[in-house]
Amino acid sequence: MMKNFEIYKYKVVEKINFLTTEQREEILKKAGYNLFNISSKYITIDLLTDSGTNTISDLQLSMMMLFDESYAGSESFERFLQATKNFCNKKYIFPVHQGRAAEKILAEIFCKENYYVISNTHFDTGFAIYKYKNSIPINLPTDYALYDNEYPFKGNINLDRLEDILKRESNKVSHIVMTITNNALGGQPVDLDNLIQAYNICKKYNKVFVIDGCRIAENAILYKKIKNLKQSIKEIIHSYTNYCDIFYMSTKKDGIAHMGGFIATDDENLVSHIRKLTILFEGFPSYGGLSGKDMEIIAQGLKEVLDEDYLEERINQVSFLGKLLEEEGIPVVKPFGGHAVFVDAQKFIPSIPPDYLVGQSLVVELYRQGGIRTVEVGTLMYAKDAIRNLVRLAIPRRTYTYNHLVYVAEVFRKIKNSKESLKGFRIISADPLVPHFTSILEPIK
Ligand SMILES: Cc1ncc(COP(=O)(O)O)c(C=O)c1O
């Protein structure tokens, strides 16, 4: 049964701020119409990201008080080790300060100039890091992911294209990264069969196979429901992680933490490389850029994320918001994924061409009219590599109530009635590697 109320009760609260439309208009101008430049005190509902914005539990807070900040061999690290091993079923674990630190270490080990890094879809940080290393990131989504349909595993990789590239240019491929769930294409799950087949193809060509599993618990609950399985979430996660050489995750997502990440492997040949680079870039391998307090929060978070009641509510919140938007006639990516609702901005506002940043226009309007912060996943984020022009409404874990989501849908209704007046934006300046984080924009008159 769908529970339309929260399975948590409040112990600590934070007041939400409300501004007028005129005040927000001024703030937008000062921020160069880039919502990353806006102070959180001017935001009413923050759906910018689900990364590190989680609400921690009473148990996480209690465990945090047991922190051991010893440089080497702390008790906090021991609890972190136990929880991460239990979560992903790998022997060797290296803590890092967040997901992109893992990506940087793996890029140092595997990337070579002009070599391909293939993925079902890279997310922004990995994509930028591989480009920075002069590698060529390649996305191989399936056709299902690009069009409107109810196919349940839109996170999958296109196996025919993967095999084709490896057959023709195996010597130009450095490694393969499966992003689970597939964030850039709608937080969509990856089917275990697809993962196993992709893994087997890569092994045929002797390629390193990596899982970016920062939302693998959300993938597991979606997979369990789609396939109507009896297995526990932990068993399902392990059935995925059994098929990779390296597993890494940003624990700012399914770690239900504020910071952190780790790299995991069973491959003894990789251990010394990863250990060395962790020491160089992150810190001694018993803390890897994390405080004992962070490691405690993560260790407890990785237990809580395996709780099915929690995961049920998590995906219920996403589909609750998705259905409200659908009822308003807003085009959304379906089926609903694990951490966010993705709005098809191009379909919603067809009068703005992609070159005029249709997604960002919607992002700006959501802030102007309702103080809602979201992020564009399209032409601004990926330039010519954009696959679709989407706006992501990421739901922080255990943070907002169903009523907050009703408010979001109401703001969409207001925009629907005035969207014909929107004209789009042009970029005045941006760093080409990370344009959405750094751009300054101006409205098209
Ligand atoms: C799929 C995916 N991989 C990697 C990252 C990078 O993680 P972090 O923000 O912790 O560096 C993110 C961040 O949003 C992500 O969504």
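This report describes the sheet, the ligand shell, a helix pair and several backbone features of a predicted model.

**The seven-stranded sheet**

An open sheet is formed by seven strands in the order S2-S8-S7-S6-S5-S3-S4, with mixed pairing. Strand S2 (92-96) and strand S4 (136-139) are its edge strands, each pairing on one side only. On average, neighbouring strands of this sheet are turned by 20° against each other, direction ignored.

Strand S5 (residues 173-179) has seven of its seven residues buried, so the strand is largely enclosed by the rest of the structure. Strand S3 (residues 116-119) runs parallel to S5, and four bridges join the two. Within this pairing, Ile-118 has Ile-176 of S5 as its bridge partner. S5 also pairs with S6 in the parallel sense, over five bridges. Here Ile-176 stands opposite Phe-209 in S6. Strand S6 (residues 208-212) is in turn joined to strand S7 (residues 246-250) by three bridges, and these strands run parallel. The bridge partner of Asp-212 in S7 is Tyr-248.

Which way do the side chains of S9 point, and are they buried or exposed? Ala-340, Phe-342 and Asp-344 point one way, Val-341 and Val-343 point the other way, and all are buried. In a regular strand, side chains alternate between the two faces of the sheet. Since five of the five residues of strand S9 (residues 340-344) are buried, the strand is largely enclosed by the rest of the structure. S9 runs antiparallel to strand S12 (residues 390-394), and five bridges join them. Asp-344 has Leu-390 of S12 opposite.

**The ligand shell**

The ligand is surrounded by 14 residues, the closest being Gln-98, Gly-99, Arg-100, Phe-123 and Ser-250. By class, the shell holds two nonpolar, nine polar and three charged residues. Helix H4 (99-110) and helix H5 (124-132) each supply at least two residues of this shell.

Two packed helices are described by the angle between their axes and the distance between the axes. For helix H3 (residues 75-88) and helix H11 (residues 292-304), the axes come within 8 Å and cross at roughly 30°. Because angles under 35 degrees count as roughly parallel, H3 is roughly parallel to H11. The crossing of H3 past H11 is left-handed.

His-404 lies in helix H16 (residues 402-416). With 17 other C-beta atoms within 10 Å, His-404 is partly exposed. The C-alpha atoms of His-404 and Thr-374 are separated by 14 Å, and the two residues are 30 residues apart along the chain.

**Backbone exceptions**

Most residues other than glycine have a negative phi, and most peptide bonds are trans. The table lists departures from this pattern.

| Site | Feature | Value |
|---|---|---|
| Ile-180 to Thr-181 | cis peptide bond | omega near -10° |
| Lys-334 to Pro-335 | cis peptide bond | omega near -5° |
| Ile-256 | positive phi, not a glycine | about 45° |
| Ala-383 | positive phi, not a glycine | about 50° |

Thr-181 is placed in the loop between S5 and helix H7 (192-204), and Pro-335 in the loop between helix H12 (308-327) and S9. Ile-256 belongs to the loop between S7 and strand S8 (261-265), whereas Ala-383 belongs to the loop between helix H15 (379-382) and S12.

Why is Ile-256 classed as buried? Ile-256 is buried because 25 other C-beta atoms lie within 10 Å. Ala-383, with 13 other C-beta atoms within 10 Å, is partly exposed.

Technical notes
Residues are numbered from 1 along each chain as its sequence is written. This is a predicted model: local features need pLDDT of at least 70, side-chain atom pairs count only at pLDDT 80 or more; totals for chains, interfaces and linings use all residues. A residue is near a molecule or strand if its C-beta atom, placed from the backbone, lies within 6 Å of it. Ala, Val, Leu, Ile, Met, Phe, Trp, Tyr, Cys and Pro count as nonpolar, Asp, Glu, Lys and Arg as charged, and the others, Gly among them, as polar. A residue is buried if 20 or more other C-beta atoms lie within 10 Å of its own, exposed if 12 or fewer, and partly exposed in between; C-beta atoms are placed from the backbone. Two strands pair if DSSP finds at least two bridges between them. Axes are lines fitted to C-alpha atoms, for helices over the stretch in contact, and angles run from 0 to 180 degrees between N-to-C directions. Angles under 35 degrees count as roughly parallel, over 145 as roughly antiparallel, 65 to 115 as roughly perpendicular and the rest as oblique. A crossing is left-handed if the near helix is turned anticlockwise from the far one by less than a right angle, and right-handed if clockwise.
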